[in-house]
Amino acid sequence: MAGRRGPGTLGRAIAAFVLTASLSAVCVGEAPRTPACALARGELTVEDLPAGSSVRDCRAVGRVVTHDGAGLAVPEPGTTVSVDALTADGSAQDFTMAVAADGRVSYAYDADHARARPRRRADAPAPCADGAYVTAGRKEYGTYEWFLGDGPLPAHLSRAEVRHAFEAAVAAITAGRNDCGYEDTVTVRARYLSTTDHEAGIDREARCVRRDGLNVWDAGDIGPEAVATTCSWSRPVPDGPDELLEADVRFNTHDYAFTDQPSDACTRAYDLRSVATHEAGHVFGLGHAGEGHENLTMYASSFACSTAARTLGKGDVLGLRSLY
Ligand SMILES: [Zn+2]
């Protein structure tokens, strides 16, 4: 018994010593150092919380950080958050913030085609001749189970009709639907669950501000720039893309009109299923195809009255195949 008590006593002695040592460091050490990081009140920019700084030192979790018109709330350590806005004018607003498990911050921006103006689609390669794609470094490893919000809806449609349109859009991605002759080899799955009184975690300036554990598609006011926005949260996976934790989608019914069936008289309404297919592409890990790829579903801008993005182009399919 003495042999057992010995190490225990030693352990307590060491613990007491460590406690004493740390107390003395606090009480009798040098004058208190200034905090490693002191953030101003209000919204922050990436200059306020630069890459390499620590969200722990800066107590930054939950604070809003903006860059070039895009914004998001700082996620918990071990989490990455991305905002992807689909605009009417080709000005990509893509912004990603990764917080490592130790709290260190890093960013990714879509600098290349920020403020690019779309060219005429007639000047861009045809969808089946354009193999360009960008992946976002994350994917759905299981089944994307999603909800439809119980609030406002786009296109003056019934909830059942909107659900049907969104399901078709999600299926276009999970089935790799295309008119280019590519077989469906995409293995990821999705399932609609129900309506919910939860909302997409996207605020009135299209910022990714809240992760509540539910994948919600809904509509509302996200500021005048974005036709629709996807927010996604993910976490690192060894030797693979990040694992998607949550992806929310919101359609901007405050500033844009949508239709499920553009008529010949359509001048400015956005095809709901085309926009939804693009957003579903983000949900499943695709980024924006850049300038010069105006005929791909994942081009950063949406074209009013066009249903072309309902089916995928070559690059959209190749991007999905690279992930799944
Ligand atoms: Zn987009």
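**Terms and values**

Modeller: Asp239 has a positive phi near 60 degrees in the hairpin of E11 and E12, where two residues lie between the strands. This is a predicted model, in which local features need pLDDT of at least 70 and side-chain atom pairs count only at pLDDT 80 or more, while totals for chains, interfaces and linings use all residues. Residues are numbered from 1 along each chain as its sequence is written, and side-chain values use heavy atoms, with hydrogens and water left out.

Biologist: What makes E11 and E12 a pair of strands?

Modeller: Strands (E, at least two residues) and helices (H or I, at least four) are DSSP runs, numbered from the N terminus. Two strands pair if DSSP finds at least two bridges between them. E11 (residues 226-237) and E12 have nine bridges, in the antiparallel sense, so they pair by that definition. Ser232 stands opposite Ala247 in E12.

Biologist: In which sense does E12 pair with E10, and over how many bridges?

Modeller: E10 and E12 pair in the parallel sense over four bridges. Ala219 stands opposite Phe251 in E12. Strand E7 (residues 138-139) also pairs with E12 in the parallel sense, over two bridges, and Lys139 has Glu243 as its bridge partner in E12.

Biologist: How do you know that the span of helix H2 agrees with its number of residues?

Modeller: The expected span of a helix is 1.5 Å times one less than its number of residues. For the 16 residues of H2 (residues 159-174) that gives 22 Å, and the end C-alpha atoms are 22 Å apart, which agrees. After H2 comes Gly176, with a positive phi near 55 degrees.

Biologist: Why is Ala172 called buried?

Modeller: Buried means under 20% relative accessible area, exposed over 50%, and partly exposed in between (1.4 Å probe, protein chains only). Ala172 has a relative accessible area of 0%, so Ala172 is buried. Ala172 belongs to helix H2. Leaving aside neighbours within four places in sequence, Ala172 is in contact (heavy atoms within 4.5 Å) with Arg177, Thr277, Arg310 and Leu312.

Biologist: Which atoms count as donors of the zinc ion?

Modeller: Donors are N, O and S atoms within 2.8 Å of the metal (3.2 Å for Na, K and Ca); water is not among the atoms, so sites may look incomplete. His278 (NE2), His282 (NE2) and His288 (NE2) coordinate the zinc ion at 1.9 to 2.0 Å. His278 lies in helix H3 and His288 in the loop between H3 and H4, so the pair ties together parts that are ten residues apart in sequence. Both His278 and His288 are buried.
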